[in-house]
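This report describes the architecture of one protein chain for a reader who is new to structural terms. Please examine the sequence and the model before reading on.

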Amino acid sequence: MTLSSVFGKSDRFSVFIVTNVNRERPGEELQKNTDMTTEYHDEPEDETSSFWNKEPTPVSLPGLFRFRRWLFPALTATVILILIIAVGASNTKTLNRLWSVEKSVSNLTESLSAAQQLTKDTAKDVYRLKFAVENNKDQLTSVSEALKQISALDTISRTVATLKCSLERLIRNASTIEGCCPLGWDLFGTSCYMFSKTALNWNDARDWCNGHESHLVILNTDEEWDFVTRHSLGTFYWIGLTDERTGKWEWVNQTPYIMNRRRWKPGQPDSWTEHGLGPGDEDCAHLHDDGRLNDLHCTITLRYICQRHSQRS
């Protein structure tokens with residue numbers, strides 16, 4: 001077995017061998033090594049020698065490796081973009097919260113300013129009132145005296161009413177158990193009734209009764225109906241019944257009226273509009289001469305019946 005068969009015959013390796021041989025054995029074997037070198041160049045290359053002589057074949061990166069070169073920068077840019085968006089959204093929320101807080105502080109400041117102004121105005125009013133009290137003590141004393149006089153007058157008025165009631169009871173020879181009504185009023189139960197001798201329209205009659213501590217008559221019981229109709233036969237009288245306010249019949253104290261047809265004239269109430277007395281239909285009720293009810297236009301003048309509570313002596 002020769003050296004060429006073991007190590008191959010590449011030029012670079014043969015030069016290495018010759019050099020080493022020449023170093024170890026100068027002179028006598030130089031020619032022999034030269035011949036071996038020559039012989040080595042003349043021999044054909046086998047597969048073993050080609051292995052040492054071949055230059056390394058450059059290996060091309062596949063598409064995946066080329067893509068990896070761009071993958072990391074792309075991911076880095078994506079992460080940075082996401083961070084920027086997140087920071088921007090966070091900043092937007094923070095700005096909105098700051099704006100809300102600023103608005104609340106502004107409103108609170110305005111409220112405090114208004115409260116301070118109100119406090120100042122109140123203090124001024126208190127000072128003025130105090131000044132007015134100090135400078136008008138005499139007038140306040142006069143007012144106090146006037147109130148005492150009014151109270152005394154009210155007491156005197158009640159005493160006069162009691163004396164008047166007693167006098168009227170003596171005039172009528174009434175029992176002390178019965179109540180007391182003004183002169184010209186009729187007592188029934190706990191109420192006094194006044195059957196007028198003059199005629200007014202419904203609204204004026206209502207106002208007259210209210211001005212005399214009474215109201216247009218309200219009839220709730222059969223006994224009251226019987227008493228009033230006995231004293232009203234043969235004459236028309238306004239009573240405290242109307243549908244002018246709501247379109248439904250009610251008493252002057254705005255309590256509902258329960259419809260009872262037997263107390264009305266046949267076919268009544270009919271809300272007649274051909275009366276020629278102006279706008280509106282017949283919104284006010286009166287007692288007919290037979291004691292039954294009828295509706296009329298409120299501007300017609302009739303006599304009227306007032307009702308009030310009786311007094312006790």
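R308 is buried, at 14% relative accessibility, where buried means under 20% relative accessible area, exposed over 50%, and partly exposed in between (1.4 Å probe, protein chains only). E213, in contrast, is exposed at 63%. R308 and E213 form a salt bridge in which the closest N and O atoms are 3.4 Å apart; the term denotes a side-chain nitrogen of Lys or Arg within 4 Å of a carboxyl oxygen of Asp or Glu. This pair links distant parts of the chain, since R308 belongs to strand β8 and E213 to the loop between α7 and β3, 95 residues apart. Helices (H or I, at least four residues) and strands (E, at least two) are DSSP runs, numbered from the N terminus.

The model is a predicted one, in which local features need pLDDT of at least 70, side-chain atom pairs count only at pLDDT 80 or more, and totals for chains, interfaces and linings use all residues. Residues are numbered from 1 along each chain as its sequence is written, and side-chain values use heavy atoms, with hydrogens and water left out.

**Salt bridges**

The count of salt bridges comes to six. Three of them are listed below.

| Pair | Closest N to O distance |
|---|---|
| R308 and E213 | 3.4 Å |
| K265 and D290 | 3.2 Å |

Because D222 lies in helix α8 (residues 222-232) and R263 in the loop between β5 and β6, the pair ties together parts that are 41 residues apart in sequence. D222 is partly exposed at 43% relative accessibility, whereas R263 is buried at 13%.

K265 forms a salt bridge with D290. K265 is in the loop between β5 and β6 and D290 in the loop between β6 and β7 (293-296), so this pair joins parts 25 residues apart in sequence. D290 is partly exposed, with a relative accessible area of 32%. K265, D290 and R292 are linked in a network of salt bridges.

**Helix α7 and the residue after it**

Which residues of α7 are buried? They are W202, A205 and C209. Seen down the helix axis, these residues fall within an arc of 60°, so they line one face of α7; the arc is that of the directions from the helix axis to the C-beta atoms. Their cover includes β3, β4 (237-242), β6 and β8 (303-309), judged by contact, meaning heavy atoms within 4.5 Å. At the start of α7, a side-chain oxygen of N201 reaches to within 3.2 Å of the backbone nitrogen of N203.

α7 is followed by E213, whose phi is positive, near 55°.

**Backbone exceptions**

Most residues other than glycine have a negative phi, and most peptide bonds are trans. Q254 is a residue other than glycine with a positive phi, near 65°, and its place is in the loop between β5 and β6. The peptide bond from Q268 to P269 is cis, with omega near 0°. P269 lies in the loop between β5 (250-251) and β6 (284-287).

**The chain as a whole**

The protein chain has eight helices and eight strands. Of its 313 residues, 25% are buried. Among contacts with a separation of 6 or more, 64% are between residues 24 or more positions apart.

Definitions and conventions: Polar contact = N/O pair within 3.5 Å; in protein donor to acceptor, adjacent residues only side chain to side chain.
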